[in-house]
Amino acid sequence: QVQLVESGGGSVQAGGSLRLSCAASGRIIKINTMGWYRQAPGKQRELVATITSVGITNYADYVKGRFTISRDNAKNTVYLQMNSLKPEDTAVYYCQASVVVEVGRTGTYWGQGTQVTVSS
């Protein structure tokens, strides 16, 4: 019904920057909150940042001041600008969206993940 496709991952040296994008498509009436999560090897998936449909943002403490989440509602796309990257930011980054697929029915969807590797 709904597909989320991420792009923009890659390898960068510490202190560098990357920008992730996630585009939603399919049966979409409205997208509520969108967000980014990450999962490092051997660790649980954790929140990075979220943004509501009206632009209210929330960040995990470990990315505050370095990462910026934004969205383009016309394109059903969410972005994550990552600056001052650290080796501990290395993880697979996943996009998540809360999507109204029909009146009275909302589902949570995930992207396939994109690898971010930060070398020291």
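Hi everyone, let's start with a pair: Cys 22 stands opposite Val 78 in strand 8. This is a predicted model, where local features need pLDDT of at least 70 and side-chain atom pairs count only at pLDDT 80 or more, while totals for chains, interfaces and linings use all residues. Residues are numbered from 1 along each chain as its sequence is written, and side-chain values use heavy atoms, leaving out hydrogens and water.

A quick word on strands: they are DSSP runs of E, at least two residues long, numbered from the N terminus. Two of them pair if DSSP finds at least two bridges between them.

Now, which strands pair with strand 8? Strand 3, residues 18-26, runs antiparallel to strand 8, with 6 bridges joining them. Strand 7, residues 67-72, also pairs with strand 8 in the antiparallel sense, over 6 bridges. There, Phe 67 stands opposite Met 82. Strands 7 and 8 form a hairpin with 4 residues between them, and Asn 76 in the turn has a positive phi of about 50°.

Next, please find Thr 50 in strand 5, residues 46-51. Thr 50 counts as buried because its relative accessibility is 15%. Leaving aside residues up to four places away in sequence, Thr 50 has contacts (heavy atoms within 4.5 Å) that include Met 34, Tyr 37 and Ile 69.

Note on methods:
Buried < 20%, exposed > 50% of the residue type's maximum accessible area, 1.4 Å probe, protein only.
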